[in-house]
Amino acid sequence: MKDRLEALRSEALAQLQEVADPGRLNDLRVHYLGKKGQLTEVLRGMGGLSAEERPVIGQVANEVRAAIEIVIQSKQAEFERADTARRLAAETIDVSLPGKAPAPGGIHPLTKVTQEIEDIFLGMGYTVAEGPEVETDYFNFEALNLPKNHPARDMQDSFYLTEEILLRTHTSPVQIRTMQGAGGKTPLKVICPGKVYRRDDDDATHSFMFHQIEGLVVGPNIRMSDLKGTLLQFVQQMYGPQVQIRLRPSFFPFTEPSAEVDVTCTQCGGHGCRMCKHTGWIEILGCGMVHPKVLEHGGYDPREVSGFAFGMGVERIALLKYDIDDIRHFYNNDLRFLSQFARM
Ligand code: DAH
């Protein structure tokens, strides 16, 4: 019986040496040490032993069990170490890898320029007013002294929705709405930014939709010199203190007198270059003293108050500021173009 136990030990140890995975290790444990295992099987024969032999064989059996258990335990520990090492390797994080940079958006150049213009006029005490893009013929034309059949209506080829309703062709109708809303109060100082629409074919300088900013001041004793000083202040804040302006006589039905305003060329400083067609000047906006009929439509008495108004194209201001040669860049949403303004 002792021999059988010894044989069992060497057989078990030899097999355990070969074990390569935890599943097989468990099978062998059950096979040798389990309730119905080999060791139990041998010990069943103990009943037939003499009283002297029994403790001796019992001792050997215990040694065999202990020897097998030790090998099993060390194998188990070995598997656990290998498993931990494998998990550590698999779950390693390389903290030195560069992160994924978030792609922050930027403000569109037209929005940026609009905000800049607003800031300049807010600094001069103006407030910002807005009006609808779908406008009535009355506000867009009639109240601005462009009666039906007025030839100047052709200057602004319009998108009509019905006979009386159209997409506004300029931001000037907001002048009338603001005056009417003010109920005769003075002084009134507003700028009105927004989209306008014209039936133009799109090219480098035209678009069926673009942006304007209207300005309006109404009060007692408002003079043309106030208009000129305001505009000079505006362009010098926008383009730099070296920039000068000049007013050229012009015509708009809603102002009298009317003028177009030029700035010294932002490119060559007034010496003459291709951009200013060698004149040294670039036109940036239209303006004038509010026509008495327009003041009346706005609910003011032209014998008591006067006013000035101006209107500028935001795209044009932005083209000059950033030296851009095609208005369509503003609308194509090409990130190669837009991202240049993201951190400006
Ligand atoms: N509304 C004119 C346009 O779209 C621009 C303009 C000119 C506005 C003179 C004014 C102004 O307020 O006084 O061409």
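Visitor: Which residue has a side-chain N or O atom 2.9 Å from a nitrogen atom of the ligand?

Guide: His-170 does: an N or O atom of its side chain is 2.9 Å from a ligand nitrogen. This is a predicted model, where local features need pLDDT of at least 70, side-chain atom pairs count only at pLDDT 80 or more, and totals for chains, interfaces and linings use all residues. Residues are numbered from 1 along each chain as its sequence is written, and side-chain values use heavy atoms, with hydrogens and water left out.

Glu-214 makes another: an N or O atom of its side chain sits 2.6 Å from a ligand oxygen. Ala-309 uses its backbone instead, with an N or O atom 3.2 Å from an oxygen of the ligand. Alone, the ligand exposes 350 Å², and the protein buries 91% of that. Accessible areas come from the Shrake-Rupley method with a 1.4 Å probe.

There are 16 residues around the ligand (a heavy atom within 4 Å). The nearest are His-170, Gln-175, Arg-198, Gln-212 and Glu-214.

Now the helices, which are DSSP runs of H or I with at least four residues, numbered from the N terminus. H1 (residues 2-18) packs on H2 (residues 22-33) at about 170°, with the axes 11 Å apart. Axes are lines fitted to C-alpha atoms over the stretch in contact, and angles run from 0 to 180 degrees between N-to-C directions. H1 is therefore roughly antiparallel to H2, the term for angles over 145 degrees. In H1, Leu-8, Glu-11, Ala-12, Gln-15 and Leu-16 meet Arg-24, Leu-25, Leu-28 and Tyr-32 of H2. Contact means heavy atoms within 4.5 Å. By class, this contact has six nonpolar, one polar and two charged residues.

H1 also packs with H4 (residues 53-90), at about 5° and with axes 10 Å apart. So H1 runs roughly parallel to H4, as angles under 35 degrees do. H1 residues in this contact include Leu-5, Ala-12, Leu-13 and Leu-16. On H4, Ile-57, Val-60, Val-64 and Ile-68 are among them. The classes here are twelve nonpolar, one polar and five charged.

H5 (residues 109-122) and H10 (residues 314-322) pack at about 100°, with axes 9 Å apart. They are therefore roughly perpendicular, the label for 65 to 115 degrees. Contact residues include Pro-109 and Ile-117 of H5, and Val-314 and Tyr-322 of H10. That contact has eight nonpolar, one polar and four charged residues.

Technical notes: Helices (H or I, at least four residues) and strands (E, at least two) are DSSP runs, numbered from the N terminus. Ala, Val, Leu, Ile, Met, Phe, Trp, Tyr, Cys and Pro count as nonpolar, Asp, Glu, Lys and Arg as charged, and the others, Gly among them, as polar. A polar contact is a pair of N or O atoms within 3.5 Å; within protein, one must be able to donate a hydrogen and the other to accept it, and residues adjacent in sequence count only if both atoms are side-chain atoms.
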